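Some labels used for a protein model rest on cut-offs.

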Amino acid sequence: MIHLITLSGNSKRFIHQGYTHKALCDINGYSVIETFIKSFTDFNKYQSIFLCRQDDLDHTELNNEIKKHSNNAVVYGIKQNNLGPVYSIQKIFNQLPNNQKILISYIDAPQKTSISNLLDCFSGYDGGITVHNFQNPHWRTNCDYCLVEYNEKLEVCQVAEKHKFTDKDFSHPRKGGSNGSYYFHSIKLMKKYFTHLLNNNIRVNNEFYITQALEYMIKDNLKVKAYHCPYASLGTPADLEDYAFWMRWFNDFNST
């Protein structure tokens with residue numbers, strides 16, 4: 001199984017506020033990269049690929065920070081683009097063997113789980129997606145995320161990227177939001193649906209999202225499973241600064 005972690009976004013909101021790179025931001029002495037890796041208890045038991053902008057690899061400490069915390073990491077650099085993760089990942093299709101399972105994760109979404117638990121949950125399914133309920137505090141400031149609706153068996157029946165959530169969604173017992181990790185039972189299957197999106201220019205907000213591939217898999221009657229686990233959203237400077245503040249607060253509280 002390959003775990004592909006995407007860091008190829010432009011991090012504009014962080015750069016504009018003076019940060020070097022989103023993944024290098026400090027959280028009370030730990031980088032976002034280290035925080036992410038430690039959130040998966042068995043991260044280093046699996047092959048990991050980090051997909052980055054080549055410019056970031058050339059001009060920041062990104063490569064060194066990845067290698068410092070991931071003992072088996074392969075790092076690929078691609079040219080900067082603003083077309084989203086599917087477009088970026090297809091740039092390294094030739095490096096990804098078709099017969100392998102793949103888990104794709106966003107660097108700004110650390111999750112409290114293990115990769116082995118995810119693989120156990122998704123076993124026998126064509127795809128998978130990690131989800132959370134609406135207790136996560138980032139819902140207070142932004143209600144524009146990926147909707148995931150599922151049945152009582154946690155089998156996904158709807159995925160809608162950049163869905164504008166309403167009170168009706170929040171009260172629904174089998175709706176949640178995407179955590180930022182996505183599973184495909186083979187890289188060949190992932191490539192098929194990514195290529196479909198790209199060839200047909202199917203975008204959301206002018207980007208190609210991984211969740212769209214799961215959406216079309218469901219339309220083709222393939223089976224996609226949801227997995228509930230806690231996570232932290234570090235997608236904006238405000239998210240990261242809130243997270244760092246409350247970590248310090250609880251650490252100080254527990255030490256008194």
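Q: What makes β1 and β4 count as paired strands, and in which sense do they run?
A: In this predicted model, 6 bridges join strand β1 (residues 2–7) to β4. Pairing needs at least two bridges, so β1 and β4 count as paired. The two strands run parallel. His3 has Ser48 as its bridge partner in β4.

Q: Why is α2 described in the same way, as largely enclosed by the rest of the structure?
A: In helix α2 (residues 32–39), 7 of the 8 residues are buried, so the helix is largely enclosed by the rest of the structure. The buried residues are Val32, Ile33, Glu34, Thr35, Phe36, Ile37 and Ser39.

Q: What makes β10 largely enclosed, and which strands pair with it?
A: For strand β10 (residues 175–184) the count is 10 of 10 residues buried, so it is largely enclosed by the rest of the structure. Strand β6 (residues 102–106) is joined to β10 by 4 bridges and runs antiparallel to it; Leu103 has Tyr183 as its bridge partner there. Strand β7 (residues 127–132) also pairs with β10 in the antiparallel sense, over 5 bridges, and Val131 is partnered with Ser178 of β10.

Q: Which residues touch the most other members of the largest nonpolar core?
A: The core has 40 residues, and those touching the most other members are Ile89, Ile104, Ile129, Phe184, Met190, Phe194 and Ile210. Helix α8 (residues 187–199) gives the most to this core, with 6 residues. Apart from it lies another core of 32 residues, including Met1, Leu62, Cys121 and Phe122.

Q: What does Ile210 touch, leaving out residues up to four places away in sequence?
A: Ile210 touches Pro85, Val86, Ile89, Ile104, Tyr106, Tyr182, Phe184 and Phe194.

Q: Why are α8 and α9 called roughly perpendicular?
A: The axes of α8 and helix α9 (residues 210–219) come within 9 Å and cross at roughly 100°. Angles of 65 to 115 degrees count as roughly perpendicular, so α8 is roughly perpendicular to α9. On the α8 side the contact is made by Leu189, Tyr193, Phe194, His196 and Leu197. On the α9 side it is made by Ile210, Gln212, Ala213, Tyr216 and Met217.

Q: Why are Cys25 and Cys121 called buried?
A: The cut-off is under 20% relative accessible area. Cys25 has 3%, so it is buried. Cys121 has 16%, so this residue is buried as well.

Technical notes:
Residues numbered from 1 in each chain as written. Predicted model: local features only at pLDDT ≥ 70, side-chain atom pairs only at ≥ 80, totals over all residues. Heavy atoms only, no water. Buried < 20%, exposed > 50% of the residue type's maximum accessible area, 1.4 Å probe, protein only. Core = buried A, V, L, I, M, F, W, Y, C linked by side-chain atoms within 4.5 Å. Contact = heavy atoms within 4.5 Å. Axes fitted to C-alpha atoms, helices over the stretch in contact; angles between N-to-C directions. Parallel < 35°, antiparallel > 145°, perpendicular 65-115°, else oblique.
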